[in-house]
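Hi,

Here is the structure I promised to pass on. My notes follow below it.

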Amino acid sequence: MPVSTPGPGAAANPPPRWWQNRRTLPWLVQGIVGLLLLLLIAFLLGNLVRNLSAAGLLLTWRWLGQPAGFDVSESLLPFSPDLPYWRALVVGLVNTLRAVIAGLIGSTLLGTLVGMASFSSNALLRRLVRVYVEVNRNIPLLLQLVFWYFVVFLSLPNGTAAVQLPGVVLAKSGLYLAGPGSGGWELPSLINGVWHAPLRLSVEFAALLTGLIVHISAFIAEVVRGGIASVPRGQWEAASSLGLHWWNTMRRIVLPQALRVIVPGLNSQYINLAKGTSLAIAVGYTDLYSVAETTLNQTGRAIEVYLILLTAYLAIDLGISAVMNGLNRFVQLRER
Amino acid sequence: MRRLARWLPVPVMAGALLAGCAPDGGSGVQSAKLSAIQGRGKLICGVDGKLPGFSFVGPDGTYSGLDVDVCKAVTAAIFGDPKKVEYRDLNSSERFAALASGEVDLLSRNTTMTLSRDAAGGNGLSFAPTTFYDGQGVMTPKSSGITSLTALAGKPICVESGTTTELNLADRMRELNVPYTPLKFQTGDQTYAAYLGGRCVAVTSDRSQLAGKRTNFPNPAEHVLLPDVLSKEPLAPATVNADPAWADAVRWVTYALMQAEELGITKANVADRVTAAKANTNQADLRRFLGVEGEFGKQLGLPADFVVKAVSAVGNYGEIFERNVGSGSPLKLERGLNRQWTQGGLIYSPPFR
């Protein structure tokens, strides 16, 4: 360390003082900025706490353990009004996740089919697909949900007049699906004017799911269409010169290559779908937002309830993003 | 460090948001809210807006109803002119947030007074006197043949979320051990649309609200109220706890409407009564009530003759009731509990002294 040792050269070229040191200076500046920032945050938090306590609204979570006192219309978990608020919120979260997962599967399947159909050789089908996409993606989701619930599902008849399809009965009291019952495979049956089936979906859930799937599948169809269009035309020609039919070309040659373009685009559509489930309250489905709203009204803990809501939706969306990013890495070309 | 620096703005923005949420503290003897209303030149009143008899927008765009008349009475008491009021339609979930944030000055929206809504640790509201004593009821289509709550076992019931109704229903059905499916909607419109669409065999709400909504149904005669009364629902105007002086002003304007009925002062005769009180110095009670002497108005931060202004605008409590929900209205509700205490009812104003 010849520079720092005092010697004959030191008088001509004195060592830099510590505040002139190019090594410490950036740290010093960062430190001061960081300190100011911490002070600012402390001031803002202090301000928040002072004003909240003045208004008697200081954050507290004890109410979470108190009995909810309200009922929910449908729940995968057992629930009764004497259970605490946090259980009610969990019930709402599970109902939300149920809508998200079913919506993801449904809209992916439908969207992929519609996206593929826009490359069909049948001109009528191609036109129909355009109409489907343009109509569904240009009408707000809330309007569509209200339409499906109040106009379509609530005009279904009940009892013997219900719409009966093979294995499925559509009635105002719910959707009844065939499934594995106590005595093997069971079909929906009418007992004393009331339908019974191994699997029943409420019309509220059905309306929410239909609205979400139809709306989001239109966007997914466009993503899929973009992905397929990105595959060079030569791939199609090569496949057909090998004698592969349209379906086999699509399934074995084109779609796997298109996935690289499709997957990143799907991510934001999936997130839109997850966020869209919070409109469930418009059609009477008990999702997280619906339960949270009742909770908020009964407890008056607006800030806490909204913090829970924000965290929950953020976690769901970040979870979807994480899964999709993993999937994205999986389908990308590996460069060796 | 560069990575950290990239994230630095995030807590700053979050902090700014939090600071923005903080309500203005401060309450004094002089009502900050009342000064703000006077400075603004109008009162902002939160109402339902879709409930015939209580607050409803007519075909000409004007609001009418019992709740609306309370807004008008308070407005007239402040400004001498019942037109200096602006209404905000609020659904049951929005109402308390709108009041707490100061978006509305006064909530006159068939709101049930309860402990948790009143308490500082709950919603922190301050309730004015009850303007309508109600009870929760259940309405079913006549054709359903349902005549009691127990007959609703296993059936879907439509209810508006964020109401006391929702909780009372859960309590009563638990008591009776009757399983049921509550279908909750965010607004009254959605609730009644689902009921009329046949999704629920019953809809539950305050009995007055059911009667009011029924007048707008395609076939009102086909829907009946069950005899069961599920709860007490004292409906009262509300303000926030943080401004007791403003709450007092609203409270005593409401009492003035009730006291006016007790004293037989009506919209038609109030001017004559003032003239009479001015001429006769012996009628001290009346002179104080009408603001001819004393300083009741000043104590509340209102004009001396605020009672006269309120009654000239909307009439006394009895007139308001009959015009909006009683014999003079399509609802044709009985006065029942809402009679004056002198006639066996619960409407009772403390003395103006």
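First, a definition: a residue counts as buried if 20 or more other C-beta atoms lie within 10 Å of its own, as exposed if 12 or fewer do, and as partly exposed in between, with C-beta atoms placed from the backbone. On that basis, 33% of the 336 residues in chain A are buried.

Before the rest, some housekeeping. This is a predicted model, where local features need pLDDT of at least 70 and side-chain atom pairs count only at pLDDT 80 or more, while totals for chains, interfaces and linings use all residues. Residues are numbered from 1 along each chain as its sequence is written, with chains lettered from A and ligands numbered from 1 in the order in which they are written.

Chain A has nine helices and eight strands (DSSP runs numbered from the N terminus: H or I of at least four residues for helices, E of at least two for strands). Its C-alpha atoms fill a box of roughly 105 × 70 × 40 Å along the principal axes.

Now the contacts, meaning C-beta atoms, placed from the backbone, within 7 Å. Between the chains, 32 residues of chain A touch 38 of chain B. Helix H1 (24–54) and helix H8 (288–299) of chain A each give two or more residues to chain A's side, and H1(A) gives the most, with 10.

Inside chain B, B:Ala73 is in contact with B:Val253, B:Leu257, B:Ala310, B:Ala313 and B:Val314, leaving aside neighbours within four places in sequence.

Cheers

Technical notes
Contact = placed C-beta atoms within 7 Å.
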